[in-house]
Amino acid sequence: MEGGGSLPVDAKAALKGRLPALATRIRRSLKPKRVMAITEELTPVVEDILALGLGCPVMLDHGKPFRLDSAVGKNGAVLLREALAISAGG
């Protein structure tokens with residue numbers, strides 16, 4: 001049975017269950033300037049990630065995780081580099 005995105009329901013629940021530990025690790029150990037979601041498998045939990053309060057901006061591609069294969073006529077890696085350049089400049 002599929003969930004709201006492309007993840008099976010069990011995988012989505014498992015991913016949601018790991019988010020609190022992920023947030024703690026990001027805030028305490030990694031202390032990043034920004035976080036980027038880079039796989040469409042995170043689409044069903046994007047809102048949960050945004051609600052974690054990571055202490056830094058979460059960068060998305062028009063509200064969705066970046067895809068590195070291809071996206072709307074542009075290579076996903078190109079979109080990622082553009083987002084990084086914009087983020088670094090501002």
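**View 1. Helix α1 bends by about 35° at Leu 19, and a proline, Pro 20, follows within four residues.** The bend is the angle between two fitted axes, one for the seven residues ending at a residue and one for the seven starting there. This is a predicted model, where local features need pLDDT of at least 70, side-chain atom pairs count only at pLDDT 80 or more, and totals for chains, interfaces and linings use all residues. Residues are numbered from 1 along each chain as its sequence is written, and side-chain values use heavy atoms, leaving out hydrogens and water. Helices (H or I, at least four residues) and strands (E, at least two) are DSSP runs, numbered from the N terminus. Just after α1, look for Lys 31, with its positive phi of about 45°.

**View 2. Here are the buried residues of α1: Leu 19, Ala 23 and Ile 26.** Buried means under 20% relative accessible area, exposed over 50%, and partly exposed in between (1.4 Å probe, protein chains only). Their cover includes β1 and α2.

**View 3. Thr 39 sits in the loop between β1 (35-36) and α2 (46-50).** Its relative accessibility is 32%, so Thr 39 counts as partly exposed. Setting aside neighbours within four places in sequence, Thr 39 is in contact (heavy atoms within 4.5 Å) with Pro 65 and Phe 66. Thr 39 and Phe 66 are 27 residues apart in sequence, yet their C-alphas are 5.9 Å apart in space.

**View 4. Asp 61 lies in the loop between β2 (58-59) and α3 (76-89).** With a relative accessible area of 18%, Asp 61 is buried. Not counting residues up to four places away in sequence, Asp 61 touches Phe 66 and Leu 79.
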